[in-house]
Amino acid sequence: MSVMRCISCFLRKTLETSYCLIRFACRESFRNSIKKDTDFSVKKSDSITLFATGPSLKQTLLEFPEKSTLKSDLGCVNYFANDPLYTVLKPEYYYLSDPMFFTKDTVYYEKAKALLIHLNESTTWKMNLYLPYNSKRSGWDIRKILTNPNIRIAYFYYSSFHKGF
């Protein structure tokens, strides 16, 4: 009986994984939004150094070499723009993926809006800003806040596997 249970479990997980992959394939445009765009090119390297906010970031930034010696492009996420080093390091890529940035009904709305206003006002270099595709349906028009011509908005899909392998 345990062999049958294992086979049944394997088949169920295979179907669940297949379903998730099919959903992802149907939603994804497979467009490379990071590729070099001749009108708005920020890519300088084939690699990216990504700064994610967290408790160890301050120590990492103290040890980080100057941007001029960095051999890769720089990306950052979420609230990194609030750090004074944002305007010093001038990241080429910025990622906002936390759902709290795109929900008007949360206590974080004002904080997220303040970050977007800060990005809009302090970015004096060309930068790609990546937002989840579902942020278009967020209830507030981010493009009204982000009017800076140096910021190019690109959208990405993200999927999470809740079932399957």
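Close-up 1. Setting aside neighbours within four places in sequence, N148 is in contact (heavy atoms within 4.5 Å) with L119, N120 and T123. One of these residues, T123, has its backbone oxygen 2.7 Å from a polar atom of the N148 side chain. N148 itself sits in the loop that joins α5 (142–145) to β5 (151–156); helices (H or I, at least four residues) and strands (E, at least two) are DSSP runs, numbered from the N terminus. With a relative accessible area of 10%, N148 is buried (under 20% relative accessible area; exposed is over 50% and partly exposed in between, with a 1.4 Å probe and protein chains only).

**Close-up 2. F101 and the residues around it.** Now we turn to the loop between β3 and α4 (109–122), where F101 is found. F101 is buried as well, at 0% relative accessibility. Not counting residues up to four places away in sequence, F101 touches N78, Y79, L96, A112, L115 and W140. S135 is 34 residues from F101 along the chain, and 8.3 Å separates their C-alpha atoms.

**Notes.** Residues are numbered from 1 along each chain as its sequence is written, and side-chain values use heavy atoms, leaving out hydrogens and water. In this predicted model, local features need pLDDT of at least 70 and side-chain atom pairs count only at pLDDT 80 or more, while totals for chains, interfaces and linings use all residues.

Definitions and conventions. A polar contact is a pair of N or O atoms within 3.5 Å; within protein, one must be able to donate a hydrogen and the other to accept it, and residues adjacent in sequence count only if both atoms are side-chain atoms.
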